Every structure is written in C-alpha cells, then in structure tokens.
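Please examine the chain shown below. The report that follows describes how its parts are arranged.

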Amino acid sequence: MVGTVGRCLPKGSWLDSLRTDQTGAMAITGSCGTEDLAFEFVRHLEKVPMLRNVNLEAQRPTRVADGTGITFDIKCEFVNCKGTSERTNRHGGIASAASP
C-alpha cells in the first residue's frame, strides 16, 4: 500500500507518515510546495480502487527547502479489491471484514 500511495504523489510532494489502524482507517501526512499539489494528490488517491472516502482534512503553511510550502493531512479508508476493509487479526495477519 505504501508504494501505491507513493506513486500517487505529484512531483514536489512527499510523505511524512502513513498510518492505518485495525479498522482500515488510514491517515496520511505529507508536505508539498503548493495547495494545488495537495489537491492533485487527493485526486490521484481517489482513483485508487483500494481507497474510499478520501478527504483532505487540513492544510498548514510550512517551511520547505525552496521556501514556503504546505503540510497536509488526509484521511481515507483502506479496503481490499473485493470491497472489504482490511483488519489485522490477533496473529498479526490480515483478516477481511465486510465494510459498511
């Protein structure tokens, strides 16, 4: 999943963190040079079949190597290709459960 999300990043953007929980909720934090790049990233993520409900939750000004930029927070839901949420079972493996 990290590779898939990384391929969605527009040039001039980077990931700071990517976290998922046992329910399939995913939180992505990253930075980019402009607000337009953050919106472009969201549009790319919305096209990934394994992600649902992609939302740009926050944008904040930040310092980047070239001057000022944007730090963004994105929330979404990770599902497998069959439309079910991925959950980690008690043995550390992946168990599928129907998504709402």
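## Contacts and fold of the chain

Of the contacts (heavy atoms within 4.5 Å) between residues at least 6 apart in sequence, 46% link residues at least 24 apart. The model is a predicted one, in which local features need pLDDT of at least 70 and side-chain atom pairs pLDDT 80 or more, while totals for chains, interfaces and linings use all residues. Residues are numbered from 1 along each chain as its sequence is written, and side-chain values rest on heavy atoms, without hydrogens and water.

The chain contains 2 helices and 6 strands, where helices are DSSP runs of H or I with at least four residues and strands are runs of E with at least two, numbered from the N terminus. Along the sequence their pattern is α-β-β-α-β-β-β-β.

Four of the strands form an open sheet in the order β1-β2-β4-β3, with antiparallel pairing; two strands pair if DSSP finds at least two bridges between them. Because β1 and β3 stand at the edges, each with a single partner strand, one side of each has no neighbour in the sheet. From one strand to the next, the twist averages 15 degrees.

| Element | Residues |
|---|---|
| β1 | 13-20 |
| β2 | 25-32 |
| β3 | 51-64 |
| β4 | 67-78 |

Strands β2 and β4 are joined by 8 bridges, and C32 stands opposite I70 in β4. Helix α2 (residues 35-46) packs on the sheet and touches β1, β2, β3 and β4.

Buried residues (under 20% relative accessible area, 1.4 Å probe, protein chains only) make up 39% of the 100 residues in the chain.

Key:
Axes are lines fitted to C-alpha atoms, for helices over the stretch in contact, and angles run from 0 to 180 degrees between N-to-C directions. Buried means under 20% relative accessible area, exposed over 50%, partly exposed in between (1.4 Å probe, protein chains only).
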